[in-house]
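Biologist: I have a few minutes before my next run. Can you walk me through this one?

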Amino acid sequence: MDSTPKQKRVTITDVARHAGVSTAAVSKVLRNAYGVSPAMQERVRAAMTELHYRPHAAARGMRGRTYTIGVLLDNIRNAFFADILDGIRDQLDDSDYTVLIGAAGFGADNQSRTIRSMVDRQMDGLILIAPGAPRGEVLTMAAATPTVVIGHHDTAEVHDSVVDADGTGAGLVVDHLVSLGHRRIALVASPGTRASLWKRTPEIVLTGGYLEAMERHGLQDRAHVLQAAYSDDGGHKAGMQLLTGTQPPTAIMTGADVAALGVLRAADELGLRVPEDLSLAGYNNTAIAALTPVQLTSVDQAGHTMGSTAAKMLIERVEGQRDRAMQTTMTPRLIARRSTASPRVP
């Protein structure tokens with residue numbers, strides 16, 4: 001038998017005794033209750049650190065809070081989601097909240113099942129990244145559990161939103177490519193999930209911005225939108241289809257960097273050089289876009305800021321600091337790199 005004595009778990013009473021305050025004061029600090037002075041916060045937090053105090057999740061759940069935040073995403077291979085998750089993590093780093101990730105895939109049913117599972121486990125709040133689950137179901141869940149939706153431009157009274165001005169971002173890419181001399185500019189955008197009944201998803205707003213920009217430049221007759229999943233495989237299939245057509249584009253824009261990498265792979269397999277034979281632009285400005293072998297022109301959505309903003313907004317709702325819905329919009333920036341250049345003269 002193991003005779004090693006078990007270490008006694010540090011309790012709220014131990015923290016109160018160590019800090020020289022009441023247990024009620026410690027409880028207020030744990031709940032971030034209104035009226036706790038900065039000095040008291042610092043005193044109690046220091047005692048927690050010195051004693052290695054960790055609140056008991058089950059006990060907190062019995063008091064009405066589990067200090068867990070669920071984050072839903074569809075594809076863990078999308079590097080942009082990593083930027084968002086970094087922002088969420090950094091915002092919550094000094095708090096008692098733990099982030100649990102649900103990688104549900106692209107299917108609406110799987111996403112719905114994952115969201116329900118998070119709610120069943122009494123998570124304090126949800127951050128849903130471009131959910132494909134039916135909007136009605138998300139609204140029902142959000143009415144009972146504080147929720148922030150990232151990506152979708154649809155507003156609602158029951159959830160907060162963090163979005164990028166995707167229409168503006170698409171226009172920045174088209175303007176850039178037209179200024180280089182391109183006229184045959186194609187867009188690869190996610191098909192989304194039509195049955196989900198979200199009316200203003202990122203891909204819908206992005207496509208609208210692309211079409212408006214093409215029309216602004218008198219190129220509406222040359223606009224070409226091809227739907228494909230935001231993945232390397234989706235981008236590769238789209239690239240092969242576009243680049244083997246009767247009149248291939250001289251420039252391709254994708255709604256996500258990960259899809260642009262798939263187009264890049266297709267171009268390489270077809271013996272085409274970027275940017276000599278094809279200009280290529282992505283969206284998200286993920287870390288891989290800046291790598292020397294890639295140098296992908298991309299639109300910066302400030303993914304880290306989107307994540308940190310979503311986390312901040314969610315905690316405000318969870319802790320009762322705000323009860324009215326908000327939508328925060330990021331301003332996109334075009335980062336031009338070596339993957340775009342003037343088209344080759346025939």
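Modeller: A term to begin with: a crossing is left-handed if the near helix is turned anticlockwise from the far one by less than a right angle, and right-handed if clockwise. Helices are DSSP runs of H or I with at least four residues, strands are E runs of at least two, and both are numbered from the N terminus. This is a predicted model, where local features need pLDDT of at least 70, side-chain atom pairs need 80 or more, and totals for chains, interfaces and linings use all residues. Residues count from 1 along each chain as its sequence is written, and side-chain values use heavy atoms, with hydrogens and water left out.

Biologist: Which hand does the crossing of α1 and α3 have?

Modeller: Right-handed. The axes of α1 (residues 12-19) and α3 (residues 38-51) come within 9 Å and cross at roughly 115 degrees. Axes are lines fitted to C-alpha atoms, for helices over the stretch in contact, and angles run from 0 to 180 degrees between N-to-C directions.

Biologist: Which residues of α1 and α3 make the contact?

Modeller: From α1, Asp-14, Val-15, His-18 and Ala-19. From α3, Arg-43, Val-44, Ala-47, Met-48, Glu-50 and Leu-51. Contact means heavy atoms within 4.5 Å.

Biologist: New topic. What is the strand order in the open sheet of 4 strands?

Modeller: β7-β6-β8-β9, with parallel pairing. Two strands pair if DSSP finds at least two bridges between them. β7 (224-227) and β9 (279-281) each have a single partner strand, so one side of each has no neighbour in the sheet. The twist averages 20 degrees from one strand to the next.

Biologist: Which helix packs on the sheet?

Modeller: α10 (residues 232-243). That helix touches β6, β7 and β8 (251-254), and its direction makes about 145 degrees with that of β7.

Biologist: How many aromatic pairs are there?

Modeller: The structure holds 1. Tyr-67 and Tyr-97 are tilted, at 5.1 Å centre to centre and 35 degrees between the planes. Rings of Phe, Tyr and Trp (its six-membered ring) pair if their centres lie within 6.5 Å; planes under 30 degrees apart count as stacked, over 60 as edge-to-face and the rest as tilted.

Biologist: Where does pLDDT stay under 50?

Modeller: Over residues 1-6, with 0 contacts beyond four places in sequence. Residues 57-63 also stay under 50, with 7 such contacts. pLDDT is the predictor's confidence in each residue, from 0 to 100. The chain averages 89, and 92% of the residues score at least 70.
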